[in-house]
Amino acid sequence: KVHMLNIGQGDSFLIETPTGAQLLIDGGRDAAVLSELAKLLSWNDSYIDVVIATHPDADHIGGLVDVVKRYKIGLFLTSDVYADTQTYKDLITLVLEKHIPAYYVRQGMNLHLADKTDFTILFPDRDTHTWETNAASVVGRLQIGERSVLFTGDSPISVENYLVSKLGTTLDVDILKLGHHGSKTSTSPEYLKATTPALALISAGVGNSYGHPHKEVLSLLKKFGIAYVSTQTAGTYTLETDGVKWFRK
């Protein structure tokens, strides 16, 4: 199962395997993520195998502070970009205090979640310690049998186009999580040509002050014949796959 969590203006995605392994990518801005997780996980489930913080912006990691307090985490992964914010400092302090195994990701790292289920890091491919935070976002490909999802974080067009030039058909997936909540700073025509998704996922808050998703991006999706789902209208959205077909739960 792949869940796009309705946590307002931000990102949070939960991946569950048939064997019970769970991967949480980002946690939104605040404790709203706990309410969404409580709806999906068993009441006595206090363990999440892997948490990935794509980058240190508050609308991606603010809720992870609450997640790390509430759940036991098996592994914590993030980009090595630094942010001088209290939210980021609080999160990293908690991870260290709880002795959670933690690593900076690099292109080529692979998480084997279950049989025929892997999450592969595509970016960053270098030291991003001093980068602008969005540009250093973790980009990863989830492969479940024959089915696939690409998670783009808040990567800007410059990073998208770099990935297209370096990775080519590796980016070809069924489902694309649009970068930066559907902002026009992400989702280039070149990226859509390379990823060829049948469905785009947009995580954005209702009436957000940024105007996400931007009309330019929605027009591009229409031009390429790509359907999309947004948390603004669908709320928490769940897809299931048996590795051969996708099913709307």
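Me: Anything to know before we start?
Reply: Since the model is predicted, local features need pLDDT of at least 70 and side-chain atom pairs count only at pLDDT 80 or more, while totals for chains, interfaces and linings use all residues. Residues are numbered from 1 along each chain as its sequence is written, and side-chain values use heavy atoms, leaving out hydrogens and water.

Me: OK, which residues are buried in helix α1?
Reply: In α1 (residues 32-40), Val33, Glu36 and Leu37 are buried. Buried means under 20% relative accessible area, exposed over 50%, partly exposed in between, with a 1.4 Å probe and protein chains only. Helices (H or I, at least four residues) and strands (E, at least two) are DSSP runs, numbered from the N terminus.

Me: And what's on the face turned away from the buried side?
Reply: Ala38 and Lys39, both exposed.

Me: Switching to strand β9, why is it called largely enclosed?
Reply: Five of the six residues of β9 (residues 139-144) are buried, so the rest of the structure largely encloses it.

Me: How many bridges join β8 to β9?
Reply: Six, and the two strands run antiparallel. Strands pair if DSSP finds at least two bridges between them. One example is Thr117, whose bridge partner in β9 is Ile144.

Me: What about β10 on β9?
Reply: Five bridges join β9 to β10 (residues 147-151), again antiparallel. Arg141 has Leu150 as its bridge partner in β10. In the hairpin of β9 and β10, two residues sit between the strands, and Gly145 takes a positive phi near 60°.
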